[in-house]
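Student: I'd like to learn how to read a protein model feature by feature. Can we go through one together?

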Amino acid sequence: MSVLKCSIGVFAYNEEKNIGKLLDALLNQNLKNVEIQEILVVSSACSDNTDNIVRSYANKSPLIRLISEKKRNGKSASINHFISDSITDILVIESADTIPHQDTIEKLVSPFRDNQVGMTGGRPIPENSDKTFIGYAVNLLWRLHHKMALMSPKLGEMVAFRKLFKGIPSESAVDEASIEALIKENGLLIKYIPDATIYNKGPENITDFIKQRRRIETGHLWLKTNQNHKVSSQSGIILINLAISELIENPVNMFKLLGVILLEIWCRLLGKYDFYIKRKNPFVWDIAKSTKDLKKI
């Protein structure tokens, strides 16, 4: 069986707390039928120690290369930089504030042996404790995201795709969804790989939670308007069914569930206000600082 070769793009803005852990995880992947040809770290005008850490890794591994952008133009623009510089036909993109499981690259890339597969995505698992309300909210949303993706693939945090286009709209604040739209335009399949796990960290306070969810809603509205693509999480029927199933499975959390539903409705209303009234498109967004510095490795 021939080996599938891939390029990995890591996108960083002031990620000194996590970038070393992420690069260690990528360099120590368990690979059998997949080969990592390169790891390109696109640093967007970082003002901390991110670039120096990446350079130290690049000095030790020929796979790693730093692409340092002087101006912060948003993650989608950085992805386009990666696409243009990559040398393989299968690309993997990952935010620098996540950490993949040791077999995630193998599981994300292997499905591309099927020529009909155009994009794959793994399952993000937050490390937040569910003992607090915000921690419960973060875990609930990613749990529902998993259930939703099993029904209708909706990918996030770390995805792989075929290099079929020169770039995605640089104004997109929801890069993975923009890639989904382009893959579908090319008539290829999008596949969710639930056992390809990626660890992330959700917001730890309500301010960061609202900031993040508000921005995502605005991004999805922009996507629908400009790329004519509607993600699964914009379907009211799917959301109602998921909420009912969650209530049936965990009735003890009924009041917490209701609280998260009300908070999510508020975030989406704010997102609609930003998009329709303020004409805002947050493709260069304000960082939610409490989502950084993962512990898992």
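Tutor: At 6% relative accessibility, Ile67 counts as buried. Two notes on the source: this is a predicted model, where local features need pLDDT of at least 70, side-chain atom pairs count only at pLDDT 80 or more, and totals for chains, interfaces and linings use all residues. Residues are numbered from 1 along each chain as its sequence is written, and side-chain values use heavy atoms, with hydrogens and water left out.

Student: Where is Ile67, and which residues does Ile67 touch?

Tutor: Helices (H or I, at least four residues) and strands (E, at least two) are DSSP runs, numbered from the N terminus. Ile67 is found in strand β3. Contact means heavy atoms within 4.5 Å. Leaving out residues up to four places away in sequence, Ile67 touches Leu40, Val41, Val42, Ser43, His81 and Asp85.

Student: What does the protein look like as a whole?

Tutor: The protein has 9 helices and 8 strands. The radius of gyration, taken over C-alpha atoms, is compared with a globule rule of 2.2 Å times the number of residues to the power 0.38. Here the radius of gyration is 18 Å, close to the 19 Å that the rule gives for 297 residues, so the protein is as compact as a globular protein of that length. Its C-alpha trace spans about 50 × 40 × 35 Å along the principal axes. Of the 297 residues, 56% count as buried. Among contacts between residues at least 6 apart in sequence, 82% join residues at least 24 apart.

Student: How do I read the sheet?

Tutor: Strands of a sheet pair through backbone hydrogen bonds, either parallel or antiparallel. The rule used here is that two strands pair if DSSP finds at least two bridges between them. In this model, an open sheet of 8 strands has the order β3-β2-β1-β4-β7-β6-β8-β5, with mixed pairing. β3 and β5 (99–100) stand at the edges with a single partner strand each, so one side of each is left without a neighbour in the sheet.

Student: How many bridges join β1 to β2, and how many join β2 to β3?

Tutor: Strand β1 (residues 4–12) and β2 run parallel, joined by 9 bridges; Lys5, for example, has Glu35 in β2 as its bridge partner. Between β2 and strand β3 (residues 64–69), also parallel, there are 6 bridges, and Leu40 stands opposite Arg65 in β3. β1 also pairs with strand β4 (residues 90–95) in the parallel sense over 5 bridges, where the partner of Ser7 is Leu91. As for β2 itself (residues 34–44), 9 of its 11 residues are buried.

Student: What should I look for in a helix?

Tutor: Try its length, then its faces. The expected span of a helix is 1.5 Å times one less than its number of residues. For the 14 residues of helix α8 (residues 236–249) that should be 20 Å, and the end C-alpha atoms are 20 Å apart, which agrees. The buried residues of α8 are Ile238, Leu242, Ala243 and Glu246. They cover an arc of only 130 degrees around the axis, going by the directions from the axis to the C-beta atoms, which puts them on the same side of α8. In general, an α-helix has 3.6 residues a turn, so residues three or four places apart point the same way.

Student: What is on the face turned away, and what covers the buried residues?

Tutor: The face of α8 turned away from its buried side carries the exposed residues Ile237, Ile240 and Ile248. The cover over the buried residues includes α5 (133–151) and α9 (254–277).

Conventions:
Buried < 20%, exposed > 50% of the residue type's maximum accessible area, 1.4 Å probe, protein only.
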